[in-house]
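I opened this entry to keep track of what I looked up, item by item.

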Amino acid sequence: MTLLLAVVSALSWLYLLTMRGGFWLCAARDDRDLPPEPSQWPSVVAVVPARNEAEVVGQAVRSLRSQDYPGAFCVVVVDDNSDDGTAEAARGAGGTHSMEIIAGAPLARGWTGKLWAQSQGVAHAGDADYLLLTDADIFHEKGNLRRLVARAEANGLVLTSLMARLAVRSGWERVLIPAFVYFFQMLFPFTWANDPRRKTAAAAGGCMLVRREALEATGGLAAISGEIIDDCALARRMKVQGPIWLG
């Protein structure tokens with residue numbers, strides 16, 4: 001029995017190391033194979049759903065405000081019925097970039113909270129070429145949007161997503177977060193998600209650049225209104241429309 005368990009364990013690790021898309025290499029990175037920049041930059045609207053995020057939303061908005069994006073860009077913050085001053089914190093972080101704060105409507109039946117707030121922001125965004133779906137606790141370095149759009153334009157991507165570097169401070173965070181990232185990549189190897197020939201699809205909900213026309217062709221966010229793991233659900237639908245990339 002011990003020998004059998006050892007053989008099964010060895011074969012399992014051999015499969016993971018050699019036949020699971022090389023997930024453990026973390027090879028899909030936004031600082032590698034940088035694409036050329038487009039001659040014309042498309043318009044982008046960042047949609048930030050925020051519910052009781054007063055402690056962090058200001059920093060998130062400032063990071064979006066500081067993007068060095070050459071094209072038309074604005075930010076829509078959806079205050080999802082917060083009671084902690086989220087809207088005021090976001091407004092206080094506003095700057096030179098155009099920003100709007102809209103009050104979210106009460107949760108509609110059949111929707112999860114985040115998707116309902118996002119859908120209102122998407123509707124408010126109008127006819128932008130791209131939507132940057134991001135969270136109120138995600139802080140973007142200055143060139144992030146520029147690289148995302150350049151990659152999307154160069155490769156005809158309908159969804160371009162980045163997993164954020166997660167905060168690891170406490171002892172439990174040091175134990176659990178690396179394991180979470182490892183197993184996420186094991187379940188959804190990024191190289192497989194990025195391969196148009198494979199059905200595997202995944203995205204990281206904190207940073208998703210979505211081509212608006214492709215999103216509308218899938219039925220919009222209403223098509224996944226009740227999903228809990230909304231980012232991967234969106235990725236599955238978007239991959240039907242065209243290539244996606246997760247790094």
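**Notebook: surface patches and overall form**

I began with Val8, which I found in helix H1 (residues 2–18); helices are DSSP runs of H or I with at least four residues, strands are runs of E with at least two, and both are numbered from the N terminus. Val8 counts as partly exposed because its relative accessibility is 44%, where buried means under 20% relative accessible area, exposed over 50% and partly exposed in between, with a 1.4 Å probe and protein chains only.

I noted that this is a predicted model, in which local features need pLDDT of at least 70 and side-chain atom pairs count only at pLDDT 80 or more, while totals for chains, interfaces and linings use all residues. Residues are numbered from 1 along each chain as its sequence is written, and side-chain values use heavy atoms, with hydrogens and water left out.

Together with Met1, Leu4 and Leu5, Val8 forms a nonpolar patch on the surface, with about 460 Å² of accessible area together. I wrote down that patch residues have over 30% relative accessible area and no salt bridge, with nonpolar side chains joined within 5 Å and like charges within 9 Å; a salt bridge is a side-chain nitrogen of Lys or Arg within 4 Å of a carboxyl oxygen of Asp or Glu.

I then looked up a patch of negative charge on the surface, where Glu55, Asp83, Asp84 and Glu88 gather. Glu88 lies in helix H3 (residues 86–92) and is exposed, with a relative accessible area of 53%.

For the whole protein chain, I recorded 9 helices and 7 strands, and buried residues make up 47% of the 247 residues.

Technical notes:
Accessible areas come from the Shrake-Rupley method with a 1.4 Å probe; for residues, only the protein chains shown count as cover. Lys and Arg count as positive and Asp and Glu as negative; His and the chain ends are not counted. The place of a charge is taken as NZ of Lys, CZ of Arg, CG of Asp or CD of Glu.
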